[in-house]
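Have the structure open as you read.

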Amino acid sequence: MKLAFLFFGNTPDEKWQLCKQMGVDYAIAKLAPELTQMPSIDNLESFERSKEIYEKEGFKLYGLEGDQFDMNRIKLGLEGKEKDVEKYCKMLENMNKMDVRLLCYNFMATGWYRTHKDLKERGGAIVSGFSYETAKKEPVSKYGIFSENQIWDNYQWFIEQIMPVAESNGIKMALHPDDPPITPLHGISRIFTSASAIDKALSLSESPSHGLTFCQGTFTTMNENVLEMIHKHGKNKKIFFVHIRDVIGTPDNFRETFHDNGPTNMFKMMKAYKEVGFDGPLRSDHVPTMAGEKNENVGYEMKGNLFGIGYIKGLIDACEDIN
């Protein structure tokens, strides 16, 4: 297993130095123009420049995560989606040229979302949470109402367009489940909200490039049998990337927590990844904001990641001793 960290943009700062000090060698990056102040990475020169920065700082740019440019026309089936898919395919071709082989993508038009960003956790740490009752009172998205059937149709069209290009370029497309796993949200249906929905998604293409970002926390929020899912998808070689975090609650009402403070037996999970032969990247995800931090980047401040990365390193080391 390869311990990775998610970086936003391409500007080295204290987080980069801390990651190197903790022994993290693999970078997962979001290189959207608003983060890099450069053209989107369907532009090869822009992509090359970002990769050079990561390599200079001692990281292997292993993969990309999130929307690298605005994906809403694709996700919602709006006019202009064909142009955006052409751009997406160019990005996949550039990933091949740059030897960046993983793309963690999602199909959430409203993104990962929380109604609360200042809940108190252990020792006064701050975490995010979600209440569906609160969300129902919020306005409908500016895009309007979209049914589950519409989103499924849009996703199938997307897969049909990009998966052959991903496969021919050796890129692993790692689908992230919807977070929160509830539908609809702000009028837009969300379709990847259960284990059965994930199975349906995987059934849409037999390509070896079609797989999962196994977001352990989201599947825990779904109240699914996460251990069973690891064995099932891991044995089928469909787990391309792993996010490690824990949550307390139900899809309608949950809160984040520390890696060691939720309902999940983390050692059993890590042991399962080893048992199925997972050798891809994994990272700490959605951490508490701790003492002295401003909570400007909810879920992604650094002190909680220091805890999370150390905790995960310990789990990995413990699993290495198991025959």
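What covers the buried residues of helix 3? In this predicted model, the cover includes strand 1 (2-8), helix 1 (14-21), strand 2 (26-30), helix 2 (33-36), strand 3 (60-65) and helix 5 (81-98).

Helix 3 itself runs over residues 44-56, and its 13 residues reach 18 Å from first C-alpha to last, close to the 18 Å expected. Its buried residues are Ser46, Phe47, Ser50, Lys51, Ile53 and Tyr54. They sit on the same side of helix 3 because they cover an arc of only 155 degrees around the axis. The face turned away from that buried side carries the exposed residues Glu45 and Lys56.

Both ends are worth a look. At the start of helix 3, a side-chain oxygen of asparagine 43 comes to within 3.1 Å of the backbone nitrogen of glutamate 45. After the helix comes glycine 58, with a positive phi near 90 degrees.

Now for the charged pairs: the whole structure holds 18 salt bridges, including these.

| Salt bridge | N to O distance |
|---|---|
| Lysine 20 and aspartate 25 | 3.0 Å |
| Aspartate 99 and arginine 101 | 2.9 Å |
| Arginine 114 and glutamate 256 | 2.7 Å |

Lysine 20 is partly exposed at 30% relative accessibility, and aspartate 25 is partly exposed at 40%. Arginine 114 and glutamate 256, on the other hand, are buried. Arginine 114 lies in the loop between strand 4 (102-105) and strand 5 (116-120) and glutamate 256 in strand 11, so the pair ties together parts 142 residues apart in sequence. Salt bridges with shared partners join Glu65, Arg114, Asp179, Arg245, Glu256, Arg283 and Asp285 into one network.

Conventions:
Residues numbered from 1 in each chain as written. Predicted model: local features only at pLDDT ≥ 70, side-chain atom pairs only at ≥ 80, totals over all residues. Heavy atoms only, no water. Helix = DSSP H or I, 4+ residues; strand = E, 2+ residues; numbered from the N terminus. Expected span 1.5 Å × (residues − 1). Buried < 20%, exposed > 50% of the residue type's maximum accessible area, 1.4 Å probe, protein only. Arc of directions from axis to C-beta. Contact = heavy atoms within 4.5 Å. Polar contact = N/O pair within 3.5 Å; in protein donor to acceptor, adjacent residues only side chain to side chain. Salt bridge = Lys/Arg side-chain N within 4 Å of Asp/Glu carboxyl O.
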